[in-house]
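Subject: The structure I promised you

Hi,

Here is the structure I said I'd pass on. Have a look at it first, and then read my notes below.

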Amino acid sequence: MAKRFTDTEKYKKPFFRSLKAPYKLLWDYIMTDCNHAGLWIVDFEIAQIYLGEDIKINKEDALKYFNNDKERIVEIEDGKYWFIPSFIEFQYGNKMSKTNNIYPSIEKILIKYDLFKYLDIEITDTGITKSSYRNRISKKIKEKIFIENNLTCQYCQEQKEVNELVVDHIIPLEKGGNNEDLNLTCACIRCNSHKTDLDPEDFINRSHDFLNPTNKLKGAIKILKGTNNPLLGGKDKDKDKDKDKDKVKDKEKEKEKEAQYINLSDANKVKLTKEQYDKLIYDFGKTATAKKILDLQHYIINGKGAKYKDHYLALRAFFRRDGIEPFKKEEYKPIQKQEITEEERQENIDKLKELSKKCITGKILKHEVGKT
Ligand SMILES: [Zn+2]
């Protein structure tokens with residue numbers, strides 16, 4: 001018996017809500033009956049038996065309803081199998097590691113039927129290390145960055161074809177940079193390969209003939225290397241001078257933080273910010289998190305809680321102590337971060353195609369933009 005994730009919001013989502021009852025059941029059945037790569041052997045006779053003869057289903061209507069507004073089912077081998085792209089994205093997340101035990105067998109199936117093109121997932125070589133972190137910039141983000149920069153390398157100002165451009169971390173990951181928009185820019189392969197893990201300022205001051213950084217890039221570097229930059233912990237030269245100032249700031253920050261703590265009515269001694277709370281729920285689920293919060297409250301009330309300076313870290317330590325791993329190995333994304341919608345993505349793809357046509361090199365794109 002295999003265990004699978006199910007979406008607790010499923011019944012509230014427009015697609016599912018709009019289905020007639022028999023097809024809701026059928027969708028659930030397919031999600032349960034398909035194999036680990038999201039491939040379902042199409043057999044409506046058997047499906048009808050399992051679902052019950054009192055609700056009639058048929059293949060044509062199923063396809064019509066399921067693929068009404070988007071391709072949720074891909075028919076392969078002349079309809080012998082149905083492939084459900086969202087299955088893999090949902091079950092394994094949109095970043096799949098090759099080190100995942102199940103990956104090789106999924107890959108085999110995806111290659112055999114040429115299904116990678118239907119997926120919007122990133123395949124990484126390792127687990128969550130810095131190099132895989134780099135890989136985890138989705139196609140959607142790449143497209144957005146390329147458009148924002150008009151297919152122009154920000155280091156040399158040359159406009160290039162999509163396949164000659166990469167998304168560059170202005171502050172390299174190795175130097176503490178991250179995947180925030182501000183730290184991402186568009187670079188050509190040449191500039192990127194010369195930059196490697198250099199500090200961006202050091203790099204643009206080098207004597208390469210091709211270097212011609214844009215003001216936009218220079219501005220971003222300035223902000224990124226500013227004193228209050230959260231991307232660069234402990235790297236500022238002026239830090240020692242400003243130590244006292246920092247202390248005052250820290251106290252202010254603490255006060256600010258105090259105001260940010262959420263009201264946990266059953267556990268009012270436990271101090272967590274909304275983001276920390278959300279993160280715990282994301283990693284361990286609501287019930288388990290609530291239980292651990294109550295445990296911590298109990299410790300604090302009984303006078304044993306003083307050693308827990310940071311309640312968030314204490315709660316995570318509780319989970320670790322009990323051998324409970326976070327659900328997903330993906331990086332936590334704050335909820336307020338805007339997702340790129342399908343419509344926006346389509347717009348981006350259209351813009352990219354338009355831009356590519358105008359691209360000064362005048363060459364035709366070697367690979368299709370937006371194809372996943
Ligand atoms: Zn360049």
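This is a predicted model: local features need pLDDT of at least 70, side-chain atom pairs count only at pLDDT 80 or more; totals for chains, interfaces and linings use all residues.

While you have α14 on screen, colour Thr289, Lys292, Ile293 and Leu296, its buried residues. Looking down the helix axis, you'll see them fall within an arc of 105 degrees, so they line one face of α14. Thr287 and Ile301 are on the other side of α14, and they are exposed. As for what covers the buried residues, the cover includes α13 (274-284) and α15 (311-321). After α14 comes Gly303, with a positive phi near 80 degrees.

Now try α13, where the buried residues are Lys279, Leu280 and Phe284. Down the axis of α13 they fall within an arc of 100 degrees, so they line one face of this helix too. The cover over them includes α14 and α15. Just after α13 you get Gly285, which has a positive phi of about 90 degrees.

Let's zoom out for a moment. The protein chain has 372 residues, and 21% of them count as buried. Its secondary structure comes to 16 helices and seven strands. Take the contacts between residues at least 6 apart in sequence: 64% of those join residues at least 24 apart.

Next, the nonpolar cores. Which residues touch the most other members of the largest one? They are Phe83 and Ile84, in a core of 21 residues. At least two residues of this core come from each of α2 (21-33), α4 (59-66), β3 (81-83), α5 (85-92) and α6 (103-112). The largest share is from α2, which gives four residues. Click on Phe83 and look around: leaving out residues up to four places away in sequence, Phe83 touches Gly38, Leu39, Val74, Ile76, Tyr113, Leu115 and Tyr118. There is also a second, separate core of 20 residues, and Cys153, Val166, Cys188 and Ile221 are among its members.

In β7, the residue opposite Val166 is Ala187. Strand β6 (residues 165-169) pairs with strand β7 (residues 184-188) over five bridges, in the antiparallel sense. Most of β6 is covered, with four of its five residues buried.

One last stop: is Leu224 buried or exposed? Leu224 has 20 C-beta neighbours inside 10 Å, and a residue needs 20 or more to count as buried, so Leu224 counts as buried. You'll find Leu224 in helix α11 (residues 215-224). Now look for Leu182: Leu224 and Leu182 are 42 residues apart along the chain, yet their C-alpha atoms are separated by 7.7 Å.

Cheers

Terms used: Residues are numbered from 1 along each chain as its sequence is written. A residue is buried if 20 or more other C-beta atoms lie within 10 Å of its own, exposed if 12 or fewer, and partly exposed in between; C-beta atoms are placed from the backbone. The arc is that of the directions from the helix axis to the C-beta atoms. Two residues are in contact if their C-beta atoms, placed from the backbone, lie within 7 Å. A nonpolar core is a set of buried Ala, Val, Leu, Ile, Met, Phe, Trp, Tyr and Cys residues joined through C-beta atoms within 7 Å. Two strands pair if DSSP finds at least two bridges between them.
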